[in-house]
Amino acid sequence: MFQGINKVRLFIATAAVSVLTACQTAPPPPVAPVAVPQYTPRAPTTPFGASINTIVPPLRPDGLRQTINRDIGPLETLWHVRAALNVAALSCTAPQYSRLVSDYNAFIGNNKKFLRNANNAIVSKYRRELGSGYKQAHDRHQTSLYNFWSFSPLRRPFCDQAVQVSQRAIVTKSEDMEEFGAAALMELEKPFNDFYLAYEEYERDLDAWRRQYAPEQARDAADETINTTGLTEGE
């Protein structure tokens, strides 16, 4: 009899386990890990929207940039200032620069003799140094000079600087023109020198960005440098 009871109890227990097992919820399927998108910062951009192919003049031992304004005498310095103010009078057309045309004309009118002598001295130097081909060389120099001052990404800061220089140009006496020219040239070059520093910083930032986020671009840039200069960095 006891054996029968035990069988019944065993049957009941087994049935209960089966019922409990049937009532349990199946475990959910494993959740696939969510792919977190990798954020890549945008590459640095050139200052003032300049071309990525802009060539920055190297620094000389004296700390100045090797531009068309180097190694010139006082008369040629003033002539370069005259060219800058001429470019400004033609290119700076915003209302805040409206005085540039009248200032330039007054500057030329007040200093006709001095500027004529300066130009004659420059032409004579070219003739003396280059002989029969002086005129073509002089024309090329003048074209390069106007192109230098006409660098379009710097139009606004150049115009800002030019309008300040022009106000002094019309009140400076001819006997003080050489001193004025030396100071004015440095002032007119300031936006360009600031730009060169900013562009060199952009190149450093771009190189760092390439190394971290675009190693293939970094290798291509290094190869291009080697092909151009024949040297690797540090040699």
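Author: In what follows a residue is called buried under 20% relative accessible area, exposed over 50% and partly exposed in between, with a 1.4 Å probe and protein chains only. This is a predicted model, in which local features need pLDDT of at least 70 and side-chain atom pairs count only at pLDDT 80 or more, while totals for chains, interfaces and linings use all residues. Residues are numbered from 1 along each chain as its sequence is written, and side-chain values use heavy atoms, with hydrogens and water left out.

Reader: How many helices and how many strands does the secondary structure of the chain come to?
Author: Helices (H or I, at least four residues) and strands (E, at least two) are taken as DSSP runs, numbered from the N terminus. Read from that terminus, the elements run α-α-α-α-α-α-α-α. The totals for the chain are therefore 8 helices and 0 strands.

Reader: What share of the contacts in the chain with a separation of 6 or more comes from residues 24 or more positions apart?
Author: A contact here means heavy atoms within 4.5 Å. The chain has 235 residues, of which 32% count as buried. Among contacts with a separation of 6 or more, the share from residues 24 or more positions apart is 74%.

Reader: What percentage of the accessible surface of the chain belongs to carbon and sulfur atoms?
Author: Accessible areas come from the Shrake-Rupley method with a 1.4 Å probe, and for residues only the protein chains shown count as cover. The accessible surface of the chain comes to about 15,700 Å², and the part belonging to carbon and sulfur atoms is 57%.

Reader: With which residue does Arg 65 form a salt bridge?
Author: A salt bridge requires a side-chain nitrogen of Lys or Arg within 4 Å of a carboxyl oxygen of Asp or Glu, and by this rule the count comes to 10. The closest N and O atoms of the pair in question, Arg 65 and Glu 200, are 3.0 Å apart. The two lie 135 residues apart, with Arg 65 in the loop between helix H1 (2-23) and helix H2 (74-91) and its partner in helix H7 (residues 177-213).

Reader: How many residues apart are Lys 135 and Asp 139 in helix H5?
Author: The side chains of Lys 135 and Asp 139 meet in a salt bridge with an N to O distance of 3.3 Å. Both residues belong to helix H5 (residues 134-149), where they are separated by about one helical turn because their spacing in residues is 4.

Reader: Which cysteine does the disulfide join to Cys 92?
Author: A disulfide is a covalent bond between the sulfur atoms of two cysteines. By the rule of a pair of cysteine sulfur atoms within 2.5 Å, the count comes to 1 disulfide, and the link is left-handed, with -85 degrees about the S-S bond. Cys 92 sits in the loop between H2 and helix H3 (99-110), 67 residues from its partner in helix H6, and both cysteines are buried. With an S to S distance of 1.9 Å, the partner is Cys 159.

Reader: Over the face of which residue does Arg 82 lie?
Author: A charge sits over a ring if NZ of Lys or CZ of Arg is within 6 Å of the ring centre and within 35 degrees of the ring normal. One such case is the charged end of Arg 127, which sits over the ring of Tyr 134, 4.7 Å from its centre. For Arg 82, at 4.2 Å from the ring centre, the residue is Trp 79.

Reader: What distance separates the C-alpha atoms of Glu 178 and Pro 74?
Author: Glu 178 is found in helix H7 and is partly exposed, with a relative accessible area of 41%. Not counting residues up to four places away in sequence, Glu 178 touches Pro 74, Leu 75 and Phe 114. Although Glu 178 and Pro 74 are 104 residues apart along the chain, their C-alpha atoms are separated by 5.7 Å.
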